[in-house]
Amino acid sequence: TDLTVSDGPVWTTTSLSNGESGQSYSANLDITADSASTISTSPVSGSLPSGVTIGSTTNPSGSTYRAVLSGTLPTVASQTQYSFTIRATDAQGQTADQAFTLTSEVGIQNSGGFC
């Protein structure tokens, strides 16, 4: 019997940029893994903003795997934070969890701010 020893997945994306209420949003979620043929990602706690999903994971280069968090942020009246944890699972069933906070900000166009 062969024994495969590999390190579990490691998140290289550890924070998200803020987005604007009611606007499209996209962020790369990058993970490294040494012997994974595939990495899957899924939310395990908290909730993604309504209208935002995680796409399937791709392997853009070498040991880097990428899932894209994208969609249209909900329209909110004031700054709103969404906190959630995403789990990456490699081909050996090893997992790594990463907590994220995505802040939806209200634009300044209609706030009586600078013109």
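Let's start with strand S2 (residues 19-20), which runs parallel to strand S9 (residues 95-105) and is joined to S9 by 2 bridges. Strands here are DSSP runs of E, at least two residues long, numbered from the N terminus, and two strands pair if DSSP finds at least two bridges between them. This is a predicted model, where local features need pLDDT of at least 70, side-chain atom pairs count only at pLDDT 80 or more, and totals for chains, interfaces and linings use all residues. Residues are numbered from 1 along each chain as its sequence is written, and side-chain values use heavy atoms, leaving out hydrogens and water.

S9 also pairs with strand S8 (residues 80-89), this time antiparallel, over 10 bridges. The hairpin of S8 and S9 has 5 residues between the strands, and Gly93 takes a positive phi near 85° there.

| Residue | Partner in S9 |
|---|---|
| Tyr82 | Leu102 |

Now look at Thr103, which lies in S9. Is Thr103 buried or exposed? Thr103 is buried (under 20% relative accessible area, with a 1.4 Å probe and protein chains only), at 6%. Leaving aside neighbours within four places in sequence, Thr103 is in contact (heavy atoms within 4.5 Å) with Asn18, Gly19, Gln79, Thr80 and Gln81.

Not counting residues up to four places away in sequence, Phe84 touches residues including Leu16, Leu69 and Leu102.

Methods: Helices (H or I, at least four residues) and strands (E, at least two) are DSSP runs, numbered from the N terminus. Buried means under 20% relative accessible area, exposed over 50%, partly exposed in between (1.4 Å probe, protein chains only).
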